[in-house]
Amino acid sequence: MKQKVSLGSRLFDFFNITFMIVLIIVMAYPMVYVFSASISNNALVASGAVLLWPKKITLIAYEQLIYNPDLWVSYWNTIRYTALHTVLTLIATSAMAYPLAKRWLPGRRVILLMAAFTLLFSGGMIPTFLIVQRLGLLDTIWAIVLPSLISTWYLFIMRTFFEGLPEELEDAAAIDGCGSMQILVRIVLPLSLPVMVTIGLFTAVNQWNSFFSALIYLNDREMYPLQIMLRNILIAGTNVQGEGDLTHLETLKYAMIIIATLPILCVYPFIQKYFVQGTMIGGIKG
């Protein structure tokens, strides 16, 4: 027998579906507009004639960017900064979160309070810059990676996840002769794939979109990441060749946004299932 649906339930479904459709449109429109503007005539984009669909389609902006060697240098820099930062963040965060998940750890509470303190207070930009300068890290990849290697938020999420894992598994591994490092590598980390992928995604996205650290610590143009090149086009108002030719400036802006955003958009769908699971478990258990 078919269950009768109440009027209130129908109204809720209607408004819920309507709201979700509006939300999808609001989120999708900027992406569609940016792509349409990137392949439209520059004059029409500058005059505001392009609102949704492209007009007088041209790929001149992409041609200028693709044949510009600075793009590929900055692309390679961004890839290696992101890859190294993500890998080292996962290693350092897991190495710190695992012992902090053990209630028997001496000084555990003090260490957690010191870590939580950094959520409210930090040394500031100038002291951090002076430390990086004194260590001789300016114009190196380590100036981008090391200052933001461990995030306290990610540390607490991973620690909470580790606390929710069954202790019996670690006890069984210890009985079989595994040390603490072997237990972490062979037992804990494989079971923590959701939270590892989630934190890895957050770290990769933040590093991929980061430009301020490079703006402060890098003076060598050969070390500039992709976001610095994007910033120069969007804010400085100069073209990628630095010659002041503004013929295709508007379409160059949007084409550069597409090129800079596309890799992250392509990666996310493949790890979405781990992303949702890792966020929920890491935030609830403990």
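How far apart are the end C-alpha atoms of residues 183–205, and how much of the span is helix? The ends lie 30 Å apart, and the span is 96% helix and 0% strand. Helices (H or I, at least four residues) and strands (E, at least two) are DSSP runs, numbered from the N terminus.

Before we go on, a word on the model: it is predicted, so local features need pLDDT of at least 70 and side-chain atom pairs count only at pLDDT 80 or more, while totals for chains, interfaces and linings use all residues. Residues are numbered from 1 along each chain as its sequence is written, and side-chain values use heavy atoms, leaving out hydrogens and water.

**Transmembrane regions**

The unreviewed UniProt entry places the feature "transmembrane region" at several spans, including 110–135 and 183–205. UniProt positions follow the numbering used here, feature names are shortened, and annotations may be inferred rather than shown by experiment. Over residues 110–135 the chain is 81% helix and 0% strand, with its end C-alpha atoms 28 Å apart.

**Aromatic pairs**

Now look at the rings. Rings of Phe, Tyr and Trp (its six-membered ring) pair if their centres lie within 6.5 Å; planes under 30 degrees apart count as stacked, over 60 as edge-to-face and the rest as tilted. The whole structure holds nine aromatic pairs. Two of them are these:

| Pair | Centre distance | Plane angle | Type |
|---|---|---|---|
| Y29 and Y33 | 6.1 Å | 25° | stacked |
| Y75 and W208 | 6.0 Å | 65° | edge-to-face |

Y75 sits in helix 4 (residues 69–100) and W208 in helix 11 (residues 193–209), so their pair ties together parts that are 133 residues apart in sequence. Y29 and Y33, by contrast, both belong to helix 1 (residues 7–38), four residues apart, about one turn of the helix. Ring pairs also link Y29, Y33 and Y254 into a cluster.

Are these residues buried or exposed? Buried means under 20% relative accessible area, exposed over 50%, and partly exposed in between (1.4 Å probe, protein chains only). W208 is buried at 6%, Y75 is buried at 13% and Y33 is buried at 18%, whereas Y29 is partly exposed at 37%.

**A nonpolar surface patch**

On the surface, M125, I126, L130, F211, F212 and L215 form a nonpolar patch with about 560 Å² of accessible area together (Shrake-Rupley method, 1.4 Å probe; for residues, only the protein chains shown count as cover). Patch residues have over 30% relative accessible area and no salt bridge; like charges are joined within 9 Å, and nonpolar side chains (Val, Leu, Ile, Met, Phe, Trp, Tyr) within 5 Å. A salt bridge is a side-chain nitrogen of Lys or Arg within 4 Å of a carboxyl oxygen of Asp or Glu. Helix 6 (125–134) gives the largest share, three residues. L215 lies in helix 12 and is partly exposed at 36% relative accessible area.
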